[in-house]
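Morning, everyone. Please bring up the structure on your screens, and we'll walk through the sheet.

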Amino acid sequence: MRATPEAPAERATAPTAPGEPPALSVIVPTRNEALNIAPLLRRLEAALDGLTCEVIFVDDSDDETPAVIAAVGETSRISVRLLHRGPLERVGGLGGAVREGIRMCASAHAVVMDGDLQHPPERVPALLATAREQAADVVIGSRYIQGGSAHGLAGRARG
C-alpha cells in the first residue's frame, strides 16, 4: 500500500502477527520540514531494527512535506502513517498535533519527537526499554541531564 495522506504505507521493521499492535508508535509533528523526512526515517529504521513500529506524521505544512512523507514512506521498512492538517484544522498548534498523533497510535507505547532531527532517533530504544522495565507511564529524554547536550540549539535559555 502506498503512503499518501489518504492511504499510508503499512510496513514494519519486523513482522507482526495478524491483529497484533506494533511494539511502538513514533509521533512526529511536522511543519515545512521536507528535507528532514528521509534522514529521520532512515535513522529510525536503523535504530528500531527488529521492532515492530509505526511512524505517525501529523503534518501542518504548507510546502511539499506531505508529498515527501508519502514518497519516502513507500520505501520505508517502517509503517508510515500521515495526517495532513489543512490551515483550518491546525487546532492547538504543536500540542494539538501531538494530541492527534496520540489518538492515532496503534501501540501501547508512544514516543513523540520533533521532525527537525534535534531529537536523536538512536535514543528511542532506550526510552522504550526504560518504559517496559519500570512499567512507567511516562519516560522523558532530556538534553539537560548528565550526559545530555544542548549544543547547536539557538538562544541563551537553551544553552
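**Strands, helices and crossovers**

Strand S1, helix H1 (residues 34-47) and strand S2 form a β-α-β unit, and it is right-handed. Keep in mind that this is a predicted model. From S2, the chain crosses through H2 to S3, and that β-α-β crossover is right-handed.

Now the sheet itself. How many strands form it, and in what order? There are 4 strands in an open sheet, ordered S3-S2-S1-S4. The pairing is parallel. Strand S3 (79-84) and strand S4 (110-112) are the edge strands, and each pairs on one side only. From one strand to the next, the twist averages 20°.

Next, helix H2, residues 65-75. H2 packs on the sheet and touches S1, strand S2 (53-59) and S3. The direction of H2 makes about 165° with that of S3.

Let's go through the pairs. S1 and S2 share 7 bridges, in the parallel sense. S2 and S3 pair in the parallel sense over 6 bridges. Val55 has Val80 in S3 as its bridge partner. Strand S1 (residues 24-30) also pairs with S4, parallel, over 3 bridges. Ile27 has Val112 in S4 as its bridge partner.

Last stop, S2. Why is S2 described as largely enclosed by the rest of the structure? Because 7 of the 7 residues of S2 are buried. Both faces are covered. One side has Cys53, Val55, Phe57 and Asp59, all buried.

Methods:
Residues are numbered from 1 along each chain as its sequence is written. This is a predicted model: local features need pLDDT of at least 70, side-chain atom pairs count only at pLDDT 80 or more; totals for chains, interfaces and linings use all residues. Side-chain values use heavy atoms; hydrogens and water are left out. Two strands pair if DSSP finds at least two bridges between them. Helices (H or I, at least four residues) and strands (E, at least two) are DSSP runs, numbered from the N terminus. Axes are lines fitted to C-alpha atoms, for helices over the stretch in contact, and angles run from 0 to 180 degrees between N-to-C directions. Contact means heavy atoms within 4.5 Å. Buried means under 20% relative accessible area, exposed over 50%, partly exposed in between (1.4 Å probe, protein chains only). A crossover is right-handed if, with the strands pointing away from the viewer, the path from the first strand over the helix to the second runs clockwise.
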